[in-house]
Amino acid sequence: SWRGTEGAVAAAQHGIDVVMAPDPAMYLDHLQSTASDEPPGRVKVISLADVYAFDAVPHELDADQARHVLGGQANLWSEYLTTPQRVEHAAFPRAAALAEVLWSPPEGRSWDDFVARLPAQFERYRALGVAFADTAFEPQIAASRGGGSKAGGSSQIRVDLSKQIAFGTIRYTLDDSAPGSQSSEYRDPLMLNSGASVRAASLAGDRLLAAPRMQRVDASTVAR
């Protein structure tokens, strides 16, 4: 069942075995974020958390009908994914999330535990040369008018840092150096002058969760 779940529900209610592969949750060629460096894909964002939340058994089915749900299937169409690296970026770690929710009983699933195990899984991907997506931990850098003024009347720019997943710590630098475990921890919005550069990375202890991202804040490109 690709186009939603209605067809699968009707089939299972008539005693026909089904495989759940509905768009958009099971279409891994959807974007994972709206970040500027996100590779092309179908426009709806399907995050790692969205995949982990997928339930292959529609709630409309009773216990007897649910036995006709054989499992789930992820789809990875390649019209947007023009290189092997883009395919791997789209597939991993979302495939790991799907494997866990399909192959584990409900009482054996924990989003928080899954996320805590991702750093070790990322190390395995790196060792294997897999071009996985660190999107879930990617620092998002958003600049806006701060509203405050310095001496001379020059307005400052407010910079907010965020990421999809709460696990881990965002650390940043303002001197063009690479952020690491000893860099400043992001806690509150930054108030910066136009032309400043922000480099941010997500870490768990000294383990890098996402590659550093950089943005130069420019008053001429920040909306009031």
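**Helices, cores and salt bridges in a predicted model**

F122 is found in helix α6, where helices (H or I, at least four residues) and strands (E, at least two) are DSSP runs numbered from the N terminus. The structure is a predicted model, in which local features need pLDDT of at least 70 and side-chain atom pairs count only at pLDDT 80 or more, while totals for chains, interfaces and linings use all residues. Residues are numbered from 1 along each chain as its sequence is written, and side-chain values use heavy atoms, with hydrogens and water left out.

At 1% relative accessibility, F122 counts as buried, the term buried standing for under 20% relative accessible area, exposed for over 50%, and partly exposed for what lies in between (1.4 Å probe, protein chains only). When its neighbours within four places in sequence are left aside, F122 is in contact with P93, F132, A133, F137 and L209, contact meaning heavy atoms within 4.5 Å. The C-alpha atoms of F122 and D134 are 8.5 Å apart in space, the two residues being 12 residues apart in sequence.

In soluble globular proteins, nonpolar side chains tend to be buried together. A nonpolar core is here a set of buried Ala, Val, Leu, Ile, Met, Phe, Trp, Tyr and Cys residues joined through side-chain atoms within 4.5 Å. The largest such core has 32 residues, of which M20, L48, V51, F54, F114 and F137 touch the most other members. Two or more residues of this core are given by each of α1, β1, α2 (48-52), α5, α6 (111-128) and β9 (207-216), and the largest share, five residues, comes from α6. Residues up to four places away in sequence not being counted, M20 touches S1, T5, A8, M26, F54, A56, P58, V69, G71, G72 and Q73.

Helix α1 (residues 6-13) has A8, V9, A11 and A12 as its buried residues. These residues lie on the same side of α1 because they cover an arc of only 165 degrees around the axis, the arc being that of the directions from the helix axis to the C-beta atoms. The buried residues of α1 pack against β1 (18-20) and α3 (63-66), and just after this helix G15 takes a positive phi of about 80 degrees. In helix α4 (residues 84-91), H89, A90 and A91 are buried, and the buried residues of α4 pack against α5.

Helix α5 (residues 94-103) contains R94, which is buried yet has no salt bridge, the nearest side chain of opposite charge being that of E38, 6.0 Å away. The side chain of R94 does reach the backbone oxygen of I46, at 2.8 Å, and the backbone oxygen of A90, at 3.0 Å. With residues up to four places away in sequence not counted, R94 touches L28, D29, H30, L31, Q32, I46, S47, L48 and V51.

The count of salt bridges comes to 12. One of these joins the side chains of E123 and R126 (3.1 Å, N to O); being three residues apart in helix α6, the two are separated by about one helical turn. E123 counts as partly exposed at 35% relative accessibility, and R126 counts as partly exposed at 37%.

A further salt bridge joins the side chains of D134 and R213 (3.0 Å, N to O). D134 lies in the loop between α6 and β3 (140-149) and R213 in strand β9, so the pair ties together parts that are 79 residues apart in sequence. Both D134 and R213 are buried. Between E185 and R187 there is also a salt bridge, with the closest N and O atoms 3.2 Å apart; E185 counts as partly exposed at 32% relative accessibility, whereas R187 is exposed, with a relative accessible area of 64%. Salt bridges that share partners join D37, D134, E138 and R213 into one network.

Notes. Lys and Arg count as positive and Asp and Glu as negative; His and the chain ends are not counted. A salt bridge is a side-chain nitrogen of Lys or Arg within 4 Å of a carboxyl oxygen of Asp or Glu. A polar contact is a pair of N or O atoms within 3.5 Å; within protein, one must be able to donate a hydrogen and the other to accept it, and residues adjacent in sequence count only if both atoms are side-chain atoms.
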